[in-house]
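Here is a friendly walk through one model, in questions and answers. Have the structure open and follow along.

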Amino acid sequence: MTNLADGSKPTFSFEFFPPKDADGETRLWAAIDGLKSIAPDFISVTYGAGGSTRDRTIRITSEITAHTKVPTVAHLTCVGSTRDELVEILGKYREAGISSILALRGDPVGGPRAPWETTPGGFDHADQLVSLASEIGGFTIGVAAFPDGHPASAGDFENDIEVLLEKERRGATFATTQFFFEAQRWIDLVEALRARGSSMPIIPGILPVTNLKQFNRMAELTGTPIPARISEAFAKVESDPDAVRNLGVDIATNLSQQLLEAGAPGIHFYTMNTSTATREIFERIKGSR
Ligand SMILES: Cc1cc2nc3c(=O)[nH]c(=O)nc-3n(C[C@H](O)[C@H](O)[C@H](O)COP(=O)(O)OP(=O)(O)OC[C@H]3O[C@@H](n4cnc5c(N)ncnc54)[C@H](O)[C@@H]3O)c2cc1C
């Protein structure tokens, strides 16, 4: 099994989502092509709300593995699936040559702050999916971490730490984070985990902001707080798309540099299926590798 982030050198990795149509797929492959020169350490592919992209996640993830030879991580959520169905999906991942997963609960159908709906015969928490994948064996298992706190945890930082420790005990070997803007939040999370004996690499997730409408929608959808200094800086340039993009690249570059200096095991970029901003940031931080 590949160790995706053993801490020996910072990794650079990219997240893509399965496109809805042929045009989106063309854009996705152009983005993957545009990032080839960076030689990513791994690429992850998301799993749509309610399992809506299951077959596309499997297909795209295995095609990326076949065409790029870059290790891939397929996301998997518990939403709307029974345990037996999750066993079947993990079997399909394995048949497709996918050996790394990001084990997630998934958001409730009504959004991150909506009440969770139990699927009879299914799982209520990601730690159960970690256990299942561990029992089946043969998977490198990653999980989600939240430097700004899990949106459903109402600020209970201690509980978030306990949840991550439990996932590690059940077999998770790395975590990637939700996007965030204050390096100190990642440092606090990692220090709290290390103080409790965790050695799991926590790879920070970075969102290069290139489009304000898309950014605000993502922040709303994921429940990620936007610090005032960030929203004020964007407000000053909001009528100029190029200035927004340049500011987004600067913010992501500075944050990545701070995190690498603080000992981050890598940077995971939320690419939004495009490559240029990510490539620009990488060019500016690659010396830190
Ligand atoms: C890097 C990353 C990638 C993501 N990719 C996707 C994706 O591809 N598709 C998608 O739909 N969503 C994705 N998400 C969103 C994620 O599914 C949601 O944020 C979801 O609400 C939480 O998932 P989780 O795995 O943290 O859940 P959990 O760990 O189950 O946590 C959910 C809530 O339950 C609590 N909790 C956890 N375990 C227990 C327990 N044993 N007992 C009691 N309470 C518990 C937690 O404190 C938290 O409040 C991603 C998030 C991140 C950070």
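Q: Which helix holds Q257, and is Q257 buried, exposed or partly exposed?
A: This is a predicted model, in which local features need pLDDT of at least 70, side-chain atom pairs count only at pLDDT 80 or more, and totals for chains, interfaces and linings use all residues. Residues are numbered from 1 along each chain as its sequence is written. Q257 lies in helix α9; helices (H or I, at least four residues) and strands (E, at least two) are DSSP runs numbered from the N terminus. A residue is buried if 20 or more other C-beta atoms, placed from the backbone, lie within 10 Å of its own, exposed if 12 or fewer, and partly exposed in between, so Q257, with 17 such neighbours inside 10 Å, is partly exposed.

Q: How far apart in space are Q257 and I43?
A: Along the sequence, Q257 and I43 are 214 residues apart. In space, C-alpha to C-alpha, the distance between Q257 and I43 is 21 Å.

Q: How are α9 and α10 oriented to each other?
A: Axes are lines fitted to C-alpha atoms, for helices over the stretch in contact, and angles run from 0 to 180 degrees between N-to-C directions. The axes of α9 and helix α10 (residues 276–285) come within 9 Å and cross at roughly 40 degrees. Angles under 35 degrees count as roughly parallel, over 145 as roughly antiparallel, 65 to 115 as roughly perpendicular and the rest as oblique. The pair α9 and α10 is therefore oblique.

Q: Which residues of α10 make the contact with α9?
A: Two residues are in contact if their C-beta atoms, placed from the backbone, lie within 7 Å. On the α9 side, the contact is made by R245, G248, V249, A252, T253, S256, Q257 and L260. On the α10 side, the residues are A277, E280, I281, R284 and I285.

Q: How many charged residues does the contact of α9 with α10 have?
A: Ala, Val, Leu, Ile, Met, Phe, Trp, Tyr, Cys and Pro count as nonpolar, Asp, Glu, Lys and Arg as charged, and the others, Gly among them, as polar. By these classes, the contact of α9 with α10 has six nonpolar and four polar residues, and its charged residues number three.

Q: How do α8 and α9 run relative to each other?
A: Helix α8 (residues 228–237) and helix α9 (residues 241–261) pack with their axes 9 Å apart, at an angle of about 155 degrees. The two helices, α8 and α9, are therefore roughly antiparallel.

Q: Is α3 parallel, antiparallel, perpendicular or oblique to α4?
A: Helix α3 (residues 83–95) and α4 have axes 11 Å apart and pack at an angle of about 50 degrees. That angle makes α3, relative to α4, oblique.

Q: How many charged residues are in the contact of α3 with α4?
A: R83, L86 and L90 of α3 meet L129, L132, A133 and I136 of α4. Of the residues in the contact of α3 with α4, six are nonpolar, no residue is polar, and the charged count is one.

Q: Is F179 buried or exposed?
A: F179 lies in strand β6, and touches G205, I206, L207, T224 and Y270, leaving aside residues up to four places away in sequence. With 23 other C-beta atoms within 10 Å, F179 is buried.

Q: What is the phi of K69?
A: Most residues other than glycine have a negative phi. K69 sits in the loop between α2 (54–68) and β3, and is exposed, with 7 other C-beta atoms within 10 Å. The phi of K69 is positive, near 65 degrees.

Q: Where is N273, a residue with a positive phi, found?
A: N273 has a phi of about 60 degrees although it is not a glycine. N273 counts as partly exposed, with 19 C-beta neighbours inside 10 Å. Its place is the loop between β8 (266–270) and α10.

Q: Which residues are the closest to the ligand?
A: The ligand is surrounded by 25 residues, where near means a C-beta atom, placed from the backbone, within 6 Å. The shell around the ligand divides into nine nonpolar, twelve polar and four charged residues. The closest to the ligand are T46, H75, R105, A126 and A144.
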